[in-house]
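Trainee: I would like to learn how to read a model of this kind feature by feature, with the general idea before the particular case. Could we take it slowly?

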Amino acid sequence: METRPGERLSEAAQYRLSEWLSSEDLKGQNVEGFDAEISDLEIHENADMGEGRKVSGASISFKGVKRKMWLNTTNRKSLQRIHGDERDHLIGKRVHIYVDHKVRGLKGKIVDGLRIKEAIK
């Protein structure tokens with residue numbers, strides 16, 4: 001059975017016990033990322049980000065993708081620019097998810113990070 005990008009996880013990512021989509025999940029897949037349909041937007045209070053770190057904010061879920069994507073400031077602004085910020089208008093809209101290899105991490109280190117842009121197809 002053939003899977004679409006985003007429905008499968010890289011081998012290493014399958015063993016990561018997290019509900020959050022990460023750049024690790026896309027390793028070994030299409031380097032250019034993939035288009036995905038937004039299926040839900042959730043607001044979280046004290047979401048568990050692992051290693052005892054809890055944050056409040058929002059996430060989006062995608063049709064056919066097992067994990068949710070946390071909306072950091074950059075991705076939230078990108079989503080608002082592309083589709084606006086009304087929750088009801090986001091459901092069913094498409095975005096392109098890709099890995100940016102030049103994201104500044106929490107401690108200033110350059111890391112891989114997920115980004116959103118307008119859907120390609």
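Trainee: Are Trp20 and Trp70 buried or exposed?

Mentor: In this predicted model, Trp20 and Trp70 are both buried. A residue counts as buried when its relative accessible area is under 20%.

Trainee: How many aromatic pairs does a search of the whole structure find, and what is the geometry between Trp20 and Trp70?

Mentor: The search over the whole structure returns 1 aromatic pair. Trp20 and Trp70 make up an edge-to-face pair, with 5.2 Å from centre to centre and 90° between the planes. Trp20 belongs to the segment before helix 1 (23-26), while Trp70 belongs to strand 3 (residues 69-70), so the pair ties together parts that lie 50 residues apart in sequence.

Trainee: How many bridges join strand 4 to strand 5, and which residue stands opposite Ile97?

Mentor: Strand 4 and strand 5 run antiparallel and are joined by 8 bridges; within strand 5, Ile116 stands opposite Ile97, and Ile110 stands opposite Arg104. The two strands form a hairpin with 5 residues between them, and Gly108 in the turn has a positive phi of about 85°. Strand 1 and strand 4, also antiparallel, are joined by 4 bridges, and Glu37 has Arg94 in strand 4 as its bridge partner.

Trainee: Which residues of the largest nonpolar core touch the most other members?

Mentor: In soluble globular proteins, nonpolar side chains tend to be buried together. The largest nonpolar core here has 20 residues, of which Ile60, Phe62 and Ile97 touch the most other members. Strand 1 (34-48), strand 2 (54-62), helix 2 (73-83), strand 4 (94-104) and strand 5 (110-118) each supply at least two of the core residues, and strand 1 gives the largest share, 4 residues. Setting aside neighbours within four places in sequence, the contacts of Ile60 include Ile38, Leu41, Leu79 and Ile116.

Technical notes
Residues numbered from 1 in each chain as written. Predicted model: local features only at pLDDT ≥ 70, side-chain atom pairs only at ≥ 80, totals over all residues. Heavy atoms only, no water. Core = buried A, V, L, I, M, F, W, Y, C linked by side-chain atoms within 4.5 Å. Buried < 20%, exposed > 50% of the residue type's maximum accessible area, 1.4 Å probe, protein only. Contact = heavy atoms within 4.5 Å. Phe/Tyr/Trp six-rings, centres within 6.5 Å; stacked < 30°, edge-to-face > 60°. Pairing = 2+ DSSP bridges.
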